[in-house]
Amino acid sequence: MTEQTGGSQSASKGTVHLVHLYPREMSIYGDLGNTRALASRLRWHGYTPVVHDHHPGADWPDEAHLLLGGGGQDSGQLRVQEDLDRHADRLRELAADGLPMLMICGMYQLFGQAFITVEGRRLPGLRILDVTTTGNATRMIGPVVLDTDAGQVVGYENHSGATVLGQGQAPFGSVVAGQGNNGTDGTEGARTGNVIGSYLHGPILPANPVLADHLLEIAVTRATGQWQPEQLDDSTAQQAHQRQVMRLLAADRRSTSRVGRLLPRR
Amino acid sequence: MRSTLAIAAGKLARGASRLRGGGSALPGLVTERIDPEILAHTLSDLPGGIIVVSGTNGKTTTTKMLVALLRAHGQRVFTNPTGSNFTRGVISAMLAEIPLRARLDADWAVLELDEAHALHFARVVAPTHALLLNVARDQLDRFAEIDQTAQLLSRLAEQTTHTVVLNVDDSFISRIRTQVADGVSVRWFGVDPSSAQLLPALQEADVRVSDGAGAEGLPDSADTSLLAVHDERSFTITGSTADVGPLTLQQRGLAAMINATAATAMGRAVLGPEFDPQVAATALSTVTPPFGRGEVIDVDGHPLELVLVKNPAGFTVALGTYGSEPVDTMIAINDNYADGRDVSWLYDVSFESLREQGVALTSGVRAWDMALRLEYDDVPVEHVEPDLDLALERFLRAHRGRPVRIFSTYTAMMHLRRQLASRFDLARFGEDRT
């Protein structure tokens with residue numbers, strides 16, 4: 001079990017401000033867990049987290065060292081659209097300035113160029129990531145394993161939008177098991193600077209602590225000038241992570257040997 | 001003629017699959033293949049009607065309560081008692097009771113149906129009555145979005161020919177009142193304003209942007225059954241006719257009380273002036289919990305509570321109901337199709353109430369993910385054992401002589417209950433018909 005350190009026992013190494021965009025409207029598959037995971041890990045590393053839940057219409061917090069967003073229903077996306085427009089310039093500036101951001105599913109789509117509905121209507125996005133999403137009749141649902149710069153990442157995808165990367169847009173990872181951005185090109189998510197967009201719920205950070213600490217390293221360095229992590233016991237997360245990887249890769253091998261590639265990969 | 005053949009084939013398949021100890025849907029599948037209209041042929045001329053119970057949480061419990069209530073009033077009721085809530089499950093249940101050429105010996109069919117399958121069912125035979133409980137995030141990998149689940153239930157209400165009973169406190173359900181066909185009456189169940197402070201625990205985040213009326217703004221209170229809670233166990237169901245209760249259920253918790261209120265609302269709608277509050281109260285108070293829904297198993301003189309959890313709202317309510325009493329706890333999480341394959345929802349449940357006592361053991365395919373979730377809520381976990389049999393063995397041995405409780409997802413619950421049944425002489429799944 002990881003010890004909860006910092007706070008009262010020893011002097012804090014510094015305060016880090018996390019901003020969760022639209023926790024009510026855009027957190028349908030436990031994406032709140034990402035914010036909780038980061039706050040807990042900050043404490044465990046000896047820092048003081050401050051979490052700002054940003055709701056539509058609210059003022060922007062004075063300080064922000066890391067931004068998080070999750071997935072929602074279509075109705076949720078409609079409810080945040082206006083507020084997102086209001087903060088669009090600020091969000092683009094922060095992204096260009098290197099602020100770390102993790103945008104999952106619906107918020108990933110909204111951070112892109114546009115969303116084209118099934119009826120062909122074009123809804124503009126924030127254009128922070130060069131991706132375009134098209135509404136789709138069939139959903140891409142199931143467990144996922146990715147290879148990323150932050151190592152192997154596990155999660156669960158559930159999206160009807162198929163996303164295509166623009167010329168030169170780097171993906172977040174490549175699909176080892178699952179569907180990814182569109183089920184065809186083997187890419188998943190997108191990454192520009194320190195902004196990561198991904199379809200992976202899970203939520204993604206608790207089961208992938210290396211990715212969580214990668215984001216924290218950038219945020220903490222911005223907040224305090226340096227990153228001085230503690231040695232955390234992540235054995236539970238590693239077990240959860242490894243078992244999913246083994247299981248999905250084994251299932252993948254089985255389906256490959258039996259029916260070639262006729263069946264979808266999950 | 002075709003129906004007779006279909007029933008005969010189904011009965012044959014049923015006999016064969018029982019010999020093998022197999023599943024409950026296959027005989028239904030065989031019958032449905034031969035006569036796709038079999039449900040229409042057997043159900044549409046029941047003297048009473050066809051009552052469908054649907055929604056995310058509480059279908060099995062509510063169905064069982066409604067059946068008990070109607071039978072206590074002398075009605076003959078056919079139901080699908082095993083929670084086999086797909087059309088094939090309904091047909092399979094019917095095969096046990098129907099003679100080859102005769103009609104179903106019943107006044108009413110009371111059927112628990114899964115949201116998606118309720119609609120499939122309604123296309124074959126229109127329900128006369130629909131009882132719609134709630135819309136929560138449940139197995140979203142199947143129904144994809146809450147909005148879509150609400151749509152399915154709306155369309156079920158549109159197909160219903162006589163009476164629709166709606167939950168006034170769930171805005172996804174209450175707004176369906178505008179969707180019913182002309183001439184179809186709308187009745188309501190819900191929580192009395194005096195007990196409304198208890199509701200948020202149930203609603204969790206599922207009714208985040210509420211546009212429902214709530215019990216205070218009911219369109220017509222004359223056709224309403226409301227839950228007034230007295231204390232942890234005792235409550236009264238108010239209504240335009242005489243109140244039902246005060247009464248106490250066999251099953252604990254607010255969710256069960258709301259289920260009883262829903263069943264009562266439908267009972268009143270079905271029975272009209274024949275409805276007897278005293279008979280209803282007695283019937284409700286004698287209903288035993290369905291398998292795994294707070295069922296208490298006697299383990300050498302000490303209670304083992306088996307609690308099914310399948311979505312954030314359900315788990316939150318279960319922790320609120322059971323979490324306050326310090327007993328030794330095991331949590332078993334599978335991610336098979338019937339459980340919902342995505343375990344993200346565990347992060348929408350707060351496990352802080354278990355912090356002090358800790359969790360003895362996590363198990364199931366996602367045992368480590370559950371342990372990780374608890375770690376992030378600072379709940380100590382003694383042991384992680386993914387294998388359910390080994391986990392159960394260890395749990396019972398290490399906690400012998402103490403009250404114990406197991407929270408588990410559906411397929412883990414079925415597995416554990418089979419093990420418990422063979423050890424402690426319980427009724428087999430599907431034999432519980434009362």
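Let me begin with a definition: buried means under 20% relative accessible area, exposed means over 50%, and partly exposed is in between, using a 1.4 Å probe and protein chains only. Arg76(B), for example, has a relative accessible area of 37%, so Arg76(B) is partly exposed.

Now the ground rules. This is a predicted model, where local features need pLDDT of at least 70 and side-chain atom pairs count only at pLDDT 80 or more, while totals for chains, interfaces and linings use all residues. Residues are numbered from 1 along each chain as its sequence is written, chains are lettered from A and ligands numbered from 1 in the order in which they are written, and side-chain values use heavy atoms, with hydrogens and water left out.

Let's stay with Arg76(B). Which residue does Arg76(B) meet in a salt bridge? The partner is Asp107(B), at 2.8 Å from N to O. A salt bridge here is a side-chain nitrogen of Lys or Arg within 4 Å of a carboxyl oxygen of Asp or Glu. Why pair at all? Side chains of opposite charge can pair when their charged atoms come close.

Where do the two residues sit? Asp107(B) is in the loop between α5 (87-95) and β3 (108-112) of chain B, and Arg76(B) is in the loop between α4 (59-72) and β2 (77-79) of chain B, so the pair ties together parts 31 residues apart in sequence. Those labels are DSSP runs, numbered from the N terminus: helices are H or I with at least four residues, strands are E with at least two. Asp107(B) has a relative accessible area of 15%, so Asp107(B) is buried.

Next, a second pair in chain B. Asp328(B) and Arg402(B) meet through their side chains in a salt bridge, 2.4 Å from N to O. This pair links distant parts of the chain, 74 residues apart: Asp328(B) is in strand β12, and Arg402(B) is in the loop between α15 (388-398) and β15 (404-408) of chain B. Strand β12 covers residues 328-332. Asp328(B) is buried because its relative accessible area is 7%. Arg402(B), at 43%, is partly exposed.

What else does Asp328(B) contact? Contact means heavy atoms within 4.5 Å. Leaving aside neighbours within four places in sequence, the contacts of Asp328(B) include Gln357(B), Phe395(B), His399(B) and Arg405(B).

One more pair in chain B. Arg355(B) and Glu352(B) form a salt bridge, with the closest N and O atoms 3.9 Å apart. Arg355(B) is partly exposed at 35% relative accessibility. Glu352(B) is partly exposed too, at 46%. Elsewhere, salt bridges that share partners join Arg247(A), Asp335(B), Arg366(B) and Asp369(B) into one network. How many salt bridges does the whole structure have? Over all chains, the search finds 21.

Between chain A and chain B the count is 1 salt bridge. Arg247(A) forms a salt bridge with Asp335(B), and the closest N and O atoms are 2.6 Å apart.

Look at helix α7 of chain A. Gln244(A) lies there. Is Gln244(A) buried or exposed? Gln244(A) counts as buried, at 6% relative accessibility. Not counting residues up to four places away in sequence, Gln244(A) touches Pro143(A), Val154(A) and Arg366(B). The C-alpha atoms of Gln244(A) and Val144(A) are separated by 8.8 Å, though these residues are 100 apart along the chain.

Last stop: Arg139(A). The UniProt annotation "binding site", from an unreviewed entry, covers Arg139(A). UniProt positions are given in the numbering used here, feature names are shortened, and annotations may be inferred rather than shown by experiment. Arg139(A) lies in the loop between β7 (131-134) and β8 of chain A. At 26% relative accessibility, Arg139(A) counts as partly exposed.
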